[in-house]
Amino acid sequence: MDAVSRPIAHLVDGSLYVFRAWHSMPDEFHDVDGEPTNAVHGFTRFLCELLERTRAEHVAVAFDASLTTSFRNAIYPAYKANRELPPPALVRQFQWCRRVAESLGLVVMNDHEYEADDLIGSAHFSLRAHGFRSVIVSADKDFGQLLGEHDEQWDFAKNIRWGAAGVFDKIGVHPHQVADYLALCGDAVDNIPGVPGIGAKTAAALLAHFGDLDSLLDRVEEVPFLRMRGAAACAVRLKEHAELARLYRRLTRIALDVAVASHAEALRRQAGDLAGIEALCQQLRFGPLTRARLRDLAVT
């Protein structure tokens with residue numbers, strides 16, 4: 001089955017777009033209780049535009065509910081310790097954003113043990129077995145490891161799409177190497193240090209030669225003979241930090257076994273809840289244009 005004939009599942013990194021709205025929308029929106037709603041307004045506009053442009057039939061929105069409680073924190077307490085927790089005003093808005101998505105008949109995924117990446121990865125992996133191809137709506141580089149031959153990632157804000165080949169163009173490794181690459185060179189966003197002294201170019205070069213992290217560590221005695229600057233020192237660091245590199249890969253690898261989307265219709269969009277939308281519009285003080293867009297999307 002080629003890409004054109006495969007049904008499409010749109011898997012949305014909801015938390016990313018809530019945070020973007022929080023930082024980009026002016027602090028002039030408030031609900032009937034006087035609480036700020038700038039992130040809800042921005043996220044709702046994004047969601048409306050996405051649905052209007054795609055008319056997606058299978059779509060899910062994943063949120064992070066595991067900012068300090070994911071399985072990664074259990075095995076590496078420093079994971080994401082460099083990030084400030086969202087303020088109460090934003091936490092409250094996340095709840096409204098989930099309700100907006102649900103009112104439009106979308107499947108909402110969140111879990112206290114797994115991150116949004118894992119929920120999207122597991123849904124993607126499950127749906128692939130049913131002949132679907134995925135469009136992952138996010139700018140996060142971590143999702144590159146999920147892209148197969150027929151899949152795409154879509155940076156919605158920039159309207160840029162790329163497939164598996166685009167991952168190599170962006171970071172110099174293939175999708176199946178992304179988790180190993182991040183384990184080697186680290187990921188400052190998630191507070192994963194990587195192997196000391198190994199940067200992005202060195203990590204990509206090592207994986208180009210050895211294929212994967214396990215082969216690299218098993219054949220580390222070959223590293224000093226590579227035509228690569230600092231090869232001998234690199235081999236020493238890999239020997240010293242081999243177990244840490246394996247630990248970091250447990251952090252960078254997206255889980256594919258979370259119990260979501262167990263059958264092909266699990267993510268089919270349902271009819272919207274018009275009464276619920278009206279109540280949300282009143283509570284959140286949405287303007288007439290947003291109200292009209294939500295009503296239209298609820299019945300299409």
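This is a predicted model: local features need pLDDT of at least 70, side-chain atom pairs count only at pLDDT 80 or more; totals for chains, interfaces and linings use all residues.
Visitor: Let's start with the pocket. What is the volume of the largest pocket?

Guide: The largest pocket has a volume of about 710 Å³.

Visitor: How many residues line the largest pocket, and which lie nearest its centre?

Guide: The lining has 28 residues. Nearest the centre are Phe19, Asp64, Lys80, Arg83 and Val189.

Visitor: Which helix gives the largest share of that lining?

Guide: Helix α1, residues 14–24, does, with 5 residues. By class, the lining holds 12 nonpolar, 12 charged and 4 polar residues.

Visitor: Now Ala231. Is Ala231 buried or exposed?

Guide: Buried means under 20% relative accessible area. Ala231 has 5% relative accessibility, so Ala231 counts as buried. Ala231 is found in helix α10, residues 231–240.

Visitor: Which residues does Ala231 touch, beyond those up to four places away in sequence?

Guide: Ala231 touches Val223, Pro224 and Leu226. Leu206 is 25 residues from Ala231 along the chain, and their C-alpha atoms are separated by 9.9 Å.

Visitor: On to the cysteines. How many disulfides does the structure hold?

Guide: A disulfide is a covalent bond between the sulfur atoms of two cysteines. The structure holds 0 disulfides. Take Cys234: the nearest cysteine sulfur belongs to Cys185 and is 12 Å away. For Cys281, the nearest cysteine sulfur is that of Cys48, 9.0 Å away. The cut-off for a disulfide is within 2.5 Å.

Visitor: Are Cys234 and Cys281 buried or exposed?

Guide: Cys234 has a relative accessible area of 3%, so Cys234 is buried. Cys281 is at 0% relative accessibility and counts as buried.

Terms used:
Residues are numbered from 1 along each chain as its sequence is written. Side-chain values use heavy atoms; hydrogens and water are left out. On a 1 Å grid over the protein atoms alone, a cavity is a set of points where a 1.4 Å probe fits but cannot get out, and a pocket is an open set with protein on both sides within 12 Å along at least five of seven lines; lining residues have an atom within 4 Å of a point. Grid points are joined across faces, edges and corners, and a volume is the space filled by probe spheres set on the points. Helices (H or I, at least four residues) and strands (E, at least two) are DSSP runs, numbered from the N terminus. Ala, Val, Leu, Ile, Met, Phe, Trp, Tyr, Cys and Pro count as nonpolar, Asp, Glu, Lys and Arg as charged, and the others, Gly among them, as polar. Buried means under 20% relative accessible area, exposed over 50%, partly exposed in between (1.4 Å probe, protein chains only). Contact means heavy atoms within 4.5 Å.
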